[in-house]
Amino acid sequence: MSNGWVLPDEVLRDAPAYTPRPGELADLELLLTGAYAPLTGFMTRADLVSAQRRGRLTDGTPWPVPVTLQVPATLAAGLDPTDPGRRTLVLTDGEGAPVAALEVVDVWTAREGVAGVGGPVRRLGDGGHGPFQRLRRTPEEVRALLPPGRVLGVIADRPLHRPQLAQIAHAARTLGAHLLVMIPVAEDGQGGLPSEALVRAVFAARDRMPPATLVAVPMPRRRDEISDALLRARISAAYGVTHLLSTGEMLSGAGLRVLVPRELAYDNRDGQWRWREDIPPRNRRLALSQEEIEDLLDRGFPLPEWHTPPAVAKELSRARPPRRHRGLVVFLTGLSGSGKSTIARGLADLLREQGDRTVTLLDGDVVRRELSAGLGFSKADRDANVRRIGWVAAEIARHRGVGICCPIAPYAQARQAAREMALAAGAGFVLVHVATPLEVCEQRDRKGLYARARAGLLTGMTGIDDPYEEPTDADLVIDTTGLDVEEAVQSVMHLLTETGWVEPRLQST
């Protein structure tokens, strides 16, 4: 059954389609649900300029931050706001399913190759898919569930441990307010957790909260904290919040009162959380930092019960198992002939011998033949090749295997994209720069590529007439000039063992 607007078949058939970026898709859902009221669509250029300069739309309505959609200029060239047959743009989700139709009323150049498009949006189809859809209620639905009076809003963008739960209980009790917990959900997750894991972790703490309503909200993050805070306050007000409990550098906005809680500490005299200043230093234990929590989880140690409710700790240990049990991408980069493929094969053999995880080797030449056939060696094609390798490796690691990649990957931006895909999958990412000098690689030249490039028979050869951007963020740098294969492989294994990704083993003789 469809609850959305159904376009005429001829319009839906002929209208171009575009998949917005994850943040724009979150903006789209908030527009469709009314959380961005009075906005009914993506801003036009005039509204954008007005919001940036005055914090108001062109009609004078206060609005804190831009809400815009950018598309490739080639796509925008086919849109015409004055032509009813060419002003509809179908917006799809990541799987290509139609989500909404944008009636384009303005098109402008945002930057080279990119255009901004603005206009009202209307929902298509049944409203979306994905985990916990039942929690993604509209602001109107949520406001109907809330009791009259004050509503304390909490944006739970991190799991709730005992200090946060104590702050929430104190604020709700002081205000006499009903609690509304808004859980940000987005494709890239929050705080290193997938969205569904964050929802489960927050629900695990529900029996330790005062009476509460919980809702999942697609809250996109902005680049700066001020815009982020202003937009979150605006969304919270749309859901009926009257008072907002700060969970960080939160600013007031949208007519809300923002409460900044005092720092709590654990009192070991009676096991209670109190204001830090009220506890003698010898009896005071400060809350664990996010880094300390992640370190305990990465090493497989239990989170202490004085700090984290057992049900929450259980969910976090499921979502973030110890490194030795988690998926991993090992990404080796270097010039042709540097030895990266040889090291990768040796590393894959050693990990398979241990048998702790499934191991997949994504060798550059094999990938070119099986996954990236048809791609050339232009910068765009090389980036596409590395992105394909990164995506496959991330999916392998998502299911707790090890993906070992060894493309040349000469460009930093493509390597960073591969890293981001792995981290978004909840996996680890280890970058190994095989930094064997060019002259050594040329001497080896097993495939004869350097000789052909020097003779002018081959163009686009990395290191000869195409640049190699040396990594500045490598976890390990290896020069194989004076190393044999076993030494090079053991240097990678030593790093993986020292950082907890591989269980230490006694070497058999």
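Good morning. I begin with Arg-415, which lies over the face of Tyr-468, at 5.7 Å from the ring centre. A second contact of this kind involves Lys-379, whose charged end sits over the ring of Tyr-411, 4.6 Å from the centre of that ring. Please keep in mind throughout that we are looking at a predicted model.

The protein has 509 residues, and 47% of them count as buried. Its secondary structure comes to 17 helices and 20 strands. The C-alpha trace spans about 80 × 75 × 45 Å along its principal axes. As for contacts between residues at least 6 apart in sequence, 66% join residues at least 24 apart.

I turn next to the aromatic residues. The structure holds five aromatic pairs, and I shall discuss two of them. In one, the rings of Tyr-266 and Trp-306 have their centres 5.3 Å apart; their planes stand at 40°, so the pair is tilted. This pair links distant parts of the chain, 40 residues apart: Tyr-266 belongs to strand E13, residues 264-267, while Trp-306 is in the loop between helix H9, residues 290-299, and helix H10, residues 310-319. Both Tyr-266 and Trp-306 are buried.

How are the rings of Trp-273 and Trp-306 arranged, stacked or tilted? Their centres are 5.9 Å apart and their planes lie at 20°; since stacking requires planes under 30 degrees apart, the pair is stacked. Trp-273 lies in strand E14, residues 272-275, and Trp-306 in the loop between H9 and H10, so this pair ties together parts that are 33 residues apart in sequence. Trp-273 is buried, as is Trp-306. Taken together, Tyr-266, Trp-273 and Trp-306 form one aromatic cluster.

My last topic is strand E10. This strand, residues 212-217, is mostly covered, with six of its six residues buried. Which residues point each way from E10? Ala-212, Leu-214 and Ala-216 point one way, whereas Thr-213, Val-215 and Val-217 point the other way, and all are buried. Strand E10 also has a partner: E9, residues 178-184, pairs with E10 in the parallel sense over six bridges. Within this pairing, Leu-180 stands opposite Thr-213 in E10.

To close, I would draw your attention again to two places in the model: the aromatic cluster of Tyr-266, Trp-273 and Trp-306, and strand E10, with six of its six residues buried. Thank you.

Terms used:
Residues numbered from 1 in each chain as written. Predicted model: local features only at pLDDT ≥ 70, side-chain atom pairs only at ≥ 80, totals over all residues. Heavy atoms only, no water. Buried < 20%, exposed > 50% of the residue type's maximum accessible area, 1.4 Å probe, protein only. Helix = DSSP H or I, 4+ residues; strand = E, 2+ residues; numbered from the N terminus. Pairing = 2+ DSSP bridges. Phe/Tyr/Trp six-rings, centres within 6.5 Å; stacked < 30°, edge-to-face > 60°. Lys NZ or Arg CZ within 6 Å of the ring centre and 35° of its normal. Contact = heavy atoms within 4.5 Å.
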